[in-house]
Amino acid sequence: MKKVFVAGATGWAGSEISRSILNNDEMILTGGLSLSQDGKNLSEILSLKSDNNIPLFKSIEDAIENLEFDILVDFTKPEIAKHNIHTALKKGKKVIVGTSGLSDKDYEEIERIANENNTSVLAAGNFALTVVLLQKFAEMAAKYIPHYEIIDYADAKKIDAPSGTVAELAYRLSKVQKPKLSVAIDDTIGNKETRGATINGIQVHAVRLPGHTLAVETVFGLKGEKLILRHDSGESAEPYVKGVLLAIKNIDTFKGLRRGLDSIMEF
């Protein structure tokens with residue numbers, strides 16, 4: 001039985017993940033992290049069908065000191081997640097990261113700590129299986145189409161840009177082929193910022209407006225033709241839950257850092 005601890009256990013995604021772990025015969029939900037609900041019982045807060053006390057802690061240090069678990073699942077905020085991940089890895093815990101906003105440099109440091117402690121980290125900007133397919137299709141297209149840009153859509157209240165999904169996509173596509181620009185950004189006449197941010201050599205445009213949940217478009221262009229790959233997320237956290245459960249089941253199959261849910265899937 002895999003003993004799992006969820007950071008962000010009372011949040012939008014974390015609460016659904018907690019419910020699913022509790023209902024899975026291969027896993028045990030031992031506790032959670034919640035700054036505002038320290039010392040309370042997660043079972044009562046989420047109305048979970050469990051007679052067990054599932055304690056909530058305000059810090060990862062308190063949880064490690066007072067609770068036994070093998071795997072940390074983190075769906076918090078970047079600055080909190082980085083601390084949680086480092087602390088858990090140094091104690092030999094395995095980690096699954098769903099928190100967005102961590103940089104490539106952050107992951108280089110995470111990978112180093114994971115290797116030093118002979119443990120595992122799986123990080124995904126998005127755990128939805130349909131996003132995995134978009135990433136794969138985009139990587140295929142980037143091999144043959146050297147002109148492309150990414151558009152990132154999210155709700156107006158989302159404070160990080162780009163989203164974790166788009167940051168991961170830009171990282172992956174840059175490893176295939178960085179796009180060619182017909183006009184260099186520095187040669188743009190007018191306001192250069194309207195051409196978006198350059199991330200891993202790719203132009204990324206972040207839209208933050210009410211009415212949007214999460215969406216990503218990768219727009220490819222050739223003379224006389226274009227290809228648009230788009231993914232839209234709904235308001236339910238269920239698509240992410242399935243991916244997280246798959247990650248928990250497979251976290252023991254490797255050491256070090258892997259980025260992207262597809263890294264543990266067969267195609």
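The model is predicted, so local features need pLDDT of at least 70 and side-chain atom pairs count only at pLDDT 80 or more, while totals for chains, interfaces and linings use all residues. Residues are numbered from 1 along each chain as its sequence is written, and side-chain values use heavy atoms, with hydrogens and water left out.

Helices (H or I, at least four residues) and strands (E, at least two) are DSSP runs numbered from the N terminus. Helix α6 covers residues 129-144, 16 residues in total, and should span 22 Å at 1.5 Å a residue; its end C-alpha atoms lie 24 Å apart, which agrees. The expected span is 1.5 Å times one less than the number of residues.

The axes of α6 and α7 come within 9 Å and cross at roughly 30 degrees. Axes are lines fitted to C-alpha atoms, for helices over the stretch in contact, and angles run from 0 to 180 degrees between N-to-C directions. The two helices α6 and α7 are therefore roughly parallel; angles under 35 degrees count as roughly parallel, over 145 as roughly antiparallel, 65 to 115 as roughly perpendicular and the rest as oblique. On the α6 side the contact includes Val131, Leu134 and Lys136, and on the α7 side Thr165, Glu168 and Arg172 are among the residues involved. By class, the contact of α6 with α7 has 7 nonpolar, 2 polar and 5 charged residues. Ala, Val, Leu, Ile, Met, Phe, Trp, Tyr, Cys and Pro count as nonpolar, Asp, Glu, Lys and Arg as charged, and the others, Gly among them, as polar.

Trp12, Glu16, Ile17, Ser20 and Ile21 of α1 meet Tyr240, Val241, Val244, Leu245 and Ile248 of α8. This contact of α1 with α8 divides into 8 nonpolar, 1 polar and 1 charged residues. Buried in α1 are Ala13, Gly14, Ser15, Ile17, Ser18 and Ile21.

Key. Contact means heavy atoms within 4.5 Å. Buried means under 20% relative accessible area, exposed over 50%, partly exposed in between (1.4 Å probe, protein chains only).
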